[in-house]
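Open the model in your viewer and keep the selection tool at hand. This tour goes from stop to stop.

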Amino acid sequence: MSYSTDAKLGTWDIVVVVVYFCFVFAVGIFSMFQSNRSNVGGYFLAGRNMNWWLVGLSLFASNIGSEHFIGLAGNGAAGGLATYLFEINAIFCLVALGWIFLPVYIACGVSTMPEYLNKRFGRQRLRVCLTAYALLLYIFVKVSVDLFAGAIFIQQALRWNLYVSIIFILGVTALFTTAGGLTAVIYTDALQSFIMVAGAIVLAVLSFMEIGSYSNLKKMYMDAMPNITRYDENYTCGTPRDDAFNMVRDPVNADWPFPGLLFRSTVISLWNWCADQIIVQRVLAAKTIPHARGGSVLASYLKILPLFLMMFPGMISRALWPEEVACADAETCLEVCDSELSCSNIAYPKLILELMPEGLRGLMMAVMLSALMSSLTSIFNSASTVFTLDVWKRVRKNAKQRELMIVARVFVLVLATIGILWIPVMMSQGGGQLMEYIWAITSYLAAPITALFLCAIFFPRANEQGSFWGLITGMVIGLTRMVLSFVYPSPPCWEEDTRPSWLTVLHHSYFSMALFFFCVIVIIIVSLLTDPLPDYKTKGTTFFTRNEIYQGEDEEKEDSIVIENVMSKRHPDDSNTGKSYSMELKEVNGNKADHIYADVDTDTSQSTWKRAFGWICGMTGSSNDTEGNAKMTEEDIRKLRATDTKSIWKYILNFNVLVLIGLEIGIIVYFR
């Protein structure tokens with residue numbers, strides 16, 4: 001890369017980074033002693049014993065990855081404040097998670113989102129379909145995007161070999177996730193949240209000191225354009241938008257039409273905050289309902305910060321270095337950042353390298369690595385949870401405790417490998433605005449999942465047939481639209497747009513809105529035209545029955561029917577099985593008992609290295625319980641509910657929700 005900066009990492013920068021990694025290692029090792037990592041509940045749900053502040057910081061760190069530092073700052077530099085709605089409207093989604101979705105998930109006693117759908121609708125095809133879909137999203141959207149954002153930062157700041165750096169980061173990240181499970185992830189997330197916020201505050205203060213004031217920022221930003229644009233009256237590329245400091249933009253001609261943006265950043269984003277394993281897993285790990293909701297409230301307050309810590313600094317970066325950050329021709333952009341489309345993604349690394357003094361520059365380097373590691377640890381742990389509990393256990397129904405733990409660890413390594421192999425694909429996408437890529441792809445793919453979960457929660461008449469076909473048709477349409485966006489990519493400003501008009505007439509935010517309502521209509525119509533589910537399927541699985549408890553014996557009864565009907569291909573809800581439930585339950589329970597006694601680890605003559613390996617991976621003691629405490633009993637659920645109804649924190653949390661909603665509305669009105 002021919003572009004260079006005089007700022008280099010000094011001795012104190014390296015010292016700060018080394019101290020940071022040592023500290024993170026210490027926290028990770030400490031967390032390994034704080035949980036029972038030898039069973040599914042301890043590894044995947046941290047023993048359901050996390051405090052509210054750990055849950056809140058982990059929610060924030062899981063969501064704010066390196067792609068946010070790179071992408072939000074770059075988006076602010078390129079287009080202004082409109083997309084901050086994605087951050088501020090997370091308040092609505094987090095409130096919905098804590099007060100609407102969480103009580104339902106607790107009533108079901110679930111550990112994963114596909115497991116909830118299985119209890120809500122029965123049959124396996126919907127669960128398997130969503131599991132495969134979620135894993136694809138993890139691999140090709142979340143992991144690849146994080147690695148791409150990290151690659152941009154490494155290119156600008158570290159100047160190491162790209163793949164050596166990525167492999168090192170992935171190695172450390174995978175080590176924490178593999179060894180410690182969710183407890184290690186949450187403890188390191190909490191540490192890295194402090195580092196991210198502290199470092200970002202320092203850089204934001206230095207940025208505003210450099211620019212002078214907010215009024216100076218508005219003046220300098222609106223005049224921030226490259227020389228090729230400034231001295232050519234007929235060349236408009238690189239000109240700042242007139243509505244750069246407005247969130248409410250024209251509903252037809254704007255880059256982000258406000259009605260579509262508002263719907264996309266609230267309703268469609270419910271998938272990310274209320275139905276995605278990465279986020280939901282954090283609140284399910286809380287020790288009580290008030291702790292889970294307290295974590296949601298804390299994360300909501302923290303989601304206000306990206307405006308000041310990322311978007312404004314990104315705009316300042318453009319104001320200070322318009323020739324590089326706002327490059328408006330392919331030759332200049334290629335020289336600056338190895339991309340012919342845009343260099344807005346370098347806005348945040350540019351600030352770090354130019355404004356931060358030695359030592360603090362190393363701190364910000366640690367911040368970016370923290371963001372990358374936090375996001376990746378969350379993805380690795382949650383993806384391994386989904387794969388182990390929703391895929392592997394379908395293939396290996398009698399898998400032992402030790403086998404499940406090994407599979408989870410191996411899958412983390414596989415996921416990391418795929419992520420490394422996917423880096424060249426992400427690099428070949430042209431290097432445009434990173435967050436625009438993320439929002440567009442999720443607009444195409446998230447709407448069917450959001451429609452499915454909202455219908456499952458709020459439409460008790462929804463059945464498996466309606467939900468399955470609503471999800472499948474929506475996925476086909478969304479994937480088709482996504483493929484078309486790759487076949488006909490958006491051209492840079494200085495090239496003519498030759499895409500078909502039928503592809504460009506509808507903004508992807510409006511497309512997600514239309515696809516969402518289409519999926520809802522399909523689910524409702526097909527559900528009404530087919531037989532309803534048995535009554536017990538809606539007990540504790542909808543918002544209206546959240547105060548009831550899903551009955552485990554009914555689930556076992558259904559599972560036994562599935563076993564008996566495999567060859568005959570009868571629907572599991574068909575009561576004409578020709579076999580009594582008592583006989584089926586005896587067979588199933590008998591098999592379970594045989595499995596349990598056969599699974600006890602009685603080998604006490606293991607070699608030293610095997611015992612050491614088992615300790616590192618958390619596989620010590622007896623493995624006679626294939627589930628550990630991943631599933632809650634009725635008594636567990638009743639205790640959780642009691643903590644909610646008896647605690648004064650219920651009213652304190654509700655008051656904070658009102659404050660947060662007021663802040664959200666106030667910010668949107670101020671920047672309208």
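This is a predicted model: local features need pLDDT of at least 70, side-chain atom pairs count only at pLDDT 80 or more; totals for chains, interfaces and linings use all residues.

**Stop 1: a charged pair between helices**

Side chains of opposite charge can pair when their charged atoms come close. The whole structure holds 11 salt bridges. Select Asp 13 and Arg 361. Their closest N and O atoms are 3.3 Å apart, and the two form a salt bridge. Asp 13 belongs to helix 1 (residues 11-32) and Arg 361 to helix 20 (residues 360-395), so this pair ties together parts 348 residues apart in sequence. Are the two buried or exposed? Both Asp 13 and Arg 361 are buried.

**Stop 2**

Now select Arg 241 and Asp 255. A salt bridge joins their side chains, at 3.5 Å from N to O. Both residues sit in the loop between helix 11 (227-230) and helix 12 (258-268), 14 residues apart. Arg 241 is partly exposed, at 27% relative accessible area. Asp 255 is partly exposed too, also with 27%. Arg 249 has 4% relative accessibility, so it counts as buried.

**Stop 3: a buried serine**

Go to Ser 207 in helix 9 (residues 162-211). Its relative accessibility is 0%, so Ser 207 counts as buried. Which residues does Ser 207 touch, leaving out those up to four places away in sequence? They are Pro 313, Ile 316, Leu 351 and Leu 355.

**Stop 4: rings**

The count of aromatic pairs comes to 24. Select Tyr 214 and Phe 245. This pair is edge-to-face, with 6.0 Å between centres and 85° between planes. Tyr 214 lies in helix 10 (residues 214-222) and Phe 245 in the loop between helix 11 and helix 12, so the pair ties together parts 31 residues apart in sequence. Tyr 214 is partly exposed at 27% relative accessibility, whereas Phe 245 is buried at 9%.

Next, select Phe 458 and Phe 543. Their ring centres are 5.6 Å apart and their planes meet at 45°, so the pair is tilted. Phe 458 is in helix 22 (residues 434-458), and Phe 543 is in the loop between helix 25 (508-529) and helix 26 (552-564).

**Stop 5: charges over rings**

Finish with Arg 318. Its charged end sits over the ring of Tyr 221, 5.4 Å from the ring centre. Then select Lys 350, whose charged end sits over the ring of Trp 321, 5.5 Å from its centre.

Key:
Residues are numbered from 1 along each chain as its sequence is written. Side-chain values use heavy atoms; hydrogens and water are left out. A salt bridge is a side-chain nitrogen of Lys or Arg within 4 Å of a carboxyl oxygen of Asp or Glu. Helices (H or I, at least four residues) and strands (E, at least two) are DSSP runs, numbered from the N terminus. Buried means under 20% relative accessible area, exposed over 50%, partly exposed in between (1.4 Å probe, protein chains only). Contact means heavy atoms within 4.5 Å. Rings of Phe, Tyr and Trp (its six-membered ring) pair if their centres lie within 6.5 Å; planes under 30 degrees apart count as stacked, over 60 as edge-to-face and the rest as tilted. A charge sits over a ring if NZ of Lys or CZ of Arg is within 6 Å of the ring centre and within 35 degrees of the ring normal.
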